[in-house]
Structures are given as structure tokens and as C-alpha cells.
Amino acid sequence: MSLVPDWLEQKAKAAEQKTKAKATPKPKAEVIQLPTWTEIERAIPNHLARSSLFAPIARGRRKVHRGTVLVSRSDAVIEYWGDQLDEAQADVWMQAIHVARQAPLGEPITINRAAFLRAIGRDTGKWQYEWLLRTMKTLVVSAIMIEVRKNGKTRLKVENLNLLDSFSLDETTEEYTLKINPKWIALYENSEFALIDWNKRFQIENRIDLAKRLQRLVATSSDKVQRYSLEYLKEVCCYDSPMRKFKEALEEAMIELERLHIIQNPKIELSTQGKEQAYWNRFK
């Protein structure tokens with residue numbers, strides 16, 4: 001028979017269990033972080049870079065998408081909700097992802113808005129600040145669903161993925177706080193992303209938006225020789241003008257990329273099926 005009162009014995013056991021709980025280390029939360037790349041590069045998932053998510057669209061009224069299936073490769077189905085996005089907004093998104101790679105995904109990232117604008121080749125005037133704010137608001141309400149299939153089986157599926165998870169602006173410090181959803185890691189795994197030469201991107205002077213669009217497409221493949229049908233390029237660029245005008249703009253954009261040593265020997269030729277296609281050699 002114990003001489004220790006029941007209440008005292010129960011208290012001692014509770015204290016012992018508490019001590020053991022403190023001594024047992026809690027499992028660390030999984031850290032989800034983007035791959036690393038250099039300061040002169042920006043990274044975009046291949047499936048997005050090949051799709052019509054961002055396009056060299058003309059100024060004016062934008063389409064509003066509600067579950068629209070984007071133009072993309074046959075192995076990927078990408079549905080999109082939000083305003084139609086252009087190449088300038090692609091610059092903002094790629095820069096946000098670039099900054100986000102320095103911290104675990106899901107954690108808040110603080111950026112100076114003036115430094116951010118300079119990083120995407122823009123001035124820091126009032127209009128530019130207002131444009132950046134509008135773009136951030138657009139990206140935070142824009143969302144995709146992507147399913148990638150291989151050999152008839154789903155290899156990757158991500159739903160309800162906003163381009164930016166959240167953002168806020170502190171007017172006093174002139175800083176943005178952004179969050180990127182950890183689910184984005186699925187689109188960057190296995191090195192399935194294109195690296196964009198950021199310096200050359202902002203040296204583009206002719207057919208700027210279309211040349212930027214082609215630069216992203218070139219970067220999605222390491223193949224030295226690249227060919228794309230003009231019909232596909234016109235569709236993925238969301239180009240509404242006649243094919244004749246698109247062909248003229250495409251030739252000028254290819255010449256611009258050749259000038260910057262992004263591609264070599266660009267030309268428009270006939271495929272073996274007798275259809276027009278763009279041909280070039282990737283520079284490196």
C-alpha cells in the first residue's frame with residue numbers, strides 16, 4: 001500500500017509526462033523552397049511559358065476568362081480564371097517568383113516597390129506605381145488549374161492555384177508584402193522550368209512584346225533546332241490580326257532575338273506537310 005496520497009501521486013505523474021513531452025523534439029515543419037538560379041535569370045514553369053497565359057496582346061479591352069482552357073501543348077490542360085494577361089504582367093510575376101525563391105514558399109516576402117519596378121526595367125513615377133498596384137491586384141485574383149498527362153496517366157495535377165496568394169502595400173514604408181502558394185513547387189520540380197536571360201529581355205527594342213513571348217518559348221527547350229507552326233504561334237500569342245500581319249511581326253521579332261544572340265538563323269519555311277513554320281537555332 002502506497003503512503004503517498006493519490007492527488008500527490010497523480011500530480012507527480014503529470015509532471016513526469018510534461019517533462020517527457022518537453023524532452024521529445026517536435027517534428028520540424030517541411031520547408032518548401034524553390035530551386036535556385038542566378039541573379040541574371042528569371043524562371044517560369046515550362047508548361048506556363050509554352051501556354052497562352054501571358055501573351056503579347058494589344059492595349060485595350062481585355063478578355064475575362066472563367067475556366068478557359070489555354071492554348072498549350074497537348075500533354076497539358078491549363079484552365080484559367082481572371083483577366084487576360086500581357087507580357088508586362090509576365091515580367092511582374094517572374095520577378096515576384098524570383099524574390100520568393102529566397103524564402104520558404106508560403107512565408108511573407110517584403111519588397112521595396114521602387115526597387116521592384118527598376119528590376120523589371122521600369123521608371124518609378126506615379127503612373128508606374130499605380131500600374132504596379134493594379135497588376136498586383138490582378139495577379140492575386142488570377143488562378144489556374146493544370147493537369148499534365150503522360151502515357152495516358154495523370155503525372156501532375158494542381159488546382160486552385162493563384163498567381164499570387166496574397167499581397168499588401170504599406171504606404172509608409174513603400175513596401176509590398178507578398179505570399180506565394182507552396183503548391184507552386186510542383187511546377188518547378190525536376191527542373192521543368194525555363195530560365196530567361198533578364199538582361200537581354202530588357203534590351204529588346206523592336207516588336208518588344210512579341211519578341212519577349214518568343215524568348216520564353218525558346219527557353220523551354222534545350223533543342224538546338226526549334227520549329228513551330230505559324231498557326232500555333234499565332235494562336236498561342238492571342239494574335240487577332242490576319243496571318244499576313246502576324247507573319248510580318250514574327251519575322252521582325254525573330255530578327256530582334258537574333259540581334260541579341262538568343263536565336264540564330266531564323267526563317268519561315270514550309271514543313272514536310274507543306275505548312276508554314278518558324279525555324280531557328282537556339283543560340284546556346
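Which residues of the largest nonpolar core touch the most other members? Keep in mind as you look that this is a predicted model. The core in question has 56 residues, and the ones that touch the most other members are I44, L48, L53, W93, M136, W184 and Y188. Helix α3, spanning residues 87-100, gives the most to this core, contributing nine residues. As background, nonpolar side chains in soluble globular proteins tend to be buried together.

Setting aside residues up to four places away in sequence, M136 touches V92, I111, F116, L164, F167, Y176 and L178. There is also a second, separate core of 24 residues, and A249, A253, L260 and W280 are among them.

Let's go back to α3 and see how it meets another helix. Two packed helices are described by the angle between their axes and the distance between the axes. For α3 and helix α8 (residues 208-219), the angle is about 45° and the axes are 9 Å apart. The two helices, α3 and α8, are therefore oblique to each other. On the α3 side, E87, D91 and M94 take part, and they meet D209, K212, R213 and R216 of α8. Sorted by class, this contact of α3 with α8 holds six charged residues, one nonpolar residue and no polar ones.

Between β13 and β14 (residues 276-282), the antiparallel pairing runs over six bridges. Along the way, E269 stands opposite Q277 in β14.

Finally, a closer look at one residue of α8: is A211 buried or exposed? A211, found in helix α8, has a relative accessibility of 0%, so it counts as buried, the cut-off being under 20%. Its contacts, leaving aside neighbours within four places in sequence, are I204, N206, A253 and L257. One of these, A253, is also included in the second core. As for R201, ten residues from A211 along the chain, the C-alpha atoms of the two are separated by 8.7 Å.

Technical notes. Residues numbered from 1 in each chain as written. Predicted model: local features only at pLDDT ≥ 70, side-chain atom pairs only at ≥ 80, totals over all residues. Heavy atoms only, no water. Core = buried A, V, L, I, M, F, W, Y, C linked by side-chain atoms within 4.5 Å. Buried < 20%, exposed > 50% of the residue type's maximum accessible area, 1.4 Å probe, protein only. Helix = DSSP H or I, 4+ residues; strand = E, 2+ residues; numbered from the N terminus. Contact = heavy atoms within 4.5 Å. Axes fitted to C-alpha atoms, helices over the stretch in contact; angles between N-to-C directions. Parallel < 35°, antiparallel > 145°, perpendicular 65-115°, else oblique. Nonpolar A, V, L, I, M, F, W, Y, C, P; charged D, E, K, R; others polar. Pairing = 2+ DSSP bridges.
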